[in-house]
Amino acid sequence: MKKSRPLPLTILYYTLGGLLVLLLALVIFVLTFNWNRARPYINQKVSESIGREFAINGDLDVRFRQGDPAESGWRRYVPRPQISAADVVVANPSWTSTGPRLASVGNIVVAIHPLPLLHKEVVITNLELDKLVVAAQRRADGSNTWTFKDNGPSEWEVDIRRLAFREGSLRY
């Protein structure tokens, strides 16, 4: 007579197998997804949030890199998303005389540590800006072009560890 496994053990095997298949499907989706499809949604949500036009006009890509080897423990093995976007533009308010764009970036690369996101903390391990052009203005009444729509206090903290500029100009 063939011995059968106890029912709780069979349920455990099926549950673990199902979770493994879901995890594998998620990894394949993230690695093969065309992130340019998300640009209209991102552009709309950021524009609504800051109260000005925001646009990623160029290529948007997400790659995963190995964690920082200098970091101790198992956290160094956690893959980090590296987001790159080309031709990013933030509009100026209509009253400014410095032109229609507050800022434009030829290429931006942002590397994020994913674990602190669980605690509402954005740790940007690397932020690179290439061909940055900023045209800012302040009026006599104190209003300026770099103050965006007030969405109230944020529950999120932002920590930028490394910031690099390659080429650019600032007009104030």
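## W146 and Y172

In this predicted model, W146 has a relative accessibility of 34% and so counts as partly exposed. Y172, with a relative accessible area of 63%, is exposed.

The two residues form a tilted aromatic pair, with 5.9 Å from centre to centre and 45 degrees between the planes. This pair links distant parts of the chain, its members being 26 residues apart. W146 sits in the loop between β5 (121-135) and β6 (157-160), while Y172 belongs to the segment after β8 (168-171).

## Other aromatic residues

The count of aromatic pairs in the model is 3. In one of them, the ring centres of F33 and W35 lie 4.9 Å apart and the planes stand at 80 degrees; an angle over 60 counts as edge-to-face, so this pair is edge-to-face.

F33 is partly exposed at 25% relative accessibility, and W35 is partly exposed at 22%. Together with F29, these residues form one aromatic cluster.

## Fold and overall form

The protein has 2 helices and 8 strands. Their order from the N terminus is α-α-β-β-β-β-β-β-β-β. The radius of gyration is 22 Å, well over the 16 Å that the globule rule gives for 172 residues, so the protein is more spread out than a compact globule. The C-alpha trace spans about 90 × 35 × 30 Å along its principal axes.

Among contacts with a separation of 6 or more, 60% are between residues 24 or more positions apart.

## Surface and charge

Of the 172 residues, 30% count as buried. The protein exposes about 12,300 Å², of which carbon and sulfur atoms supply 60%.

There are 22 positive and 16 negative side chains. The centres of these two sets lie 8 Å apart.

Note on methods:
Residues numbered from 1 in each chain as written. Predicted model: local features only at pLDDT ≥ 70, side-chain atom pairs only at ≥ 80, totals over all residues. Heavy atoms only, no water. Helix = DSSP H or I, 4+ residues; strand = E, 2+ residues; numbered from the N terminus. Rg over C-alpha atoms; globule rule 2.2 N^0.38 Å. Buried < 20%, exposed > 50% of the residue type's maximum accessible area, 1.4 Å probe, protein only. Contact = heavy atoms within 4.5 Å. Areas by Shrake-Rupley, 256 points an atom, 1.4 Å probe, with all protein chains shown as cover. Lys, Arg positive; Asp, Glu negative; His and termini not counted. Charge placed at Lys NZ, Arg CZ, Asp CG, Glu CD. Phe/Tyr/Trp six-rings, centres within 6.5 Å; stacked < 30°, edge-to-face > 60°.
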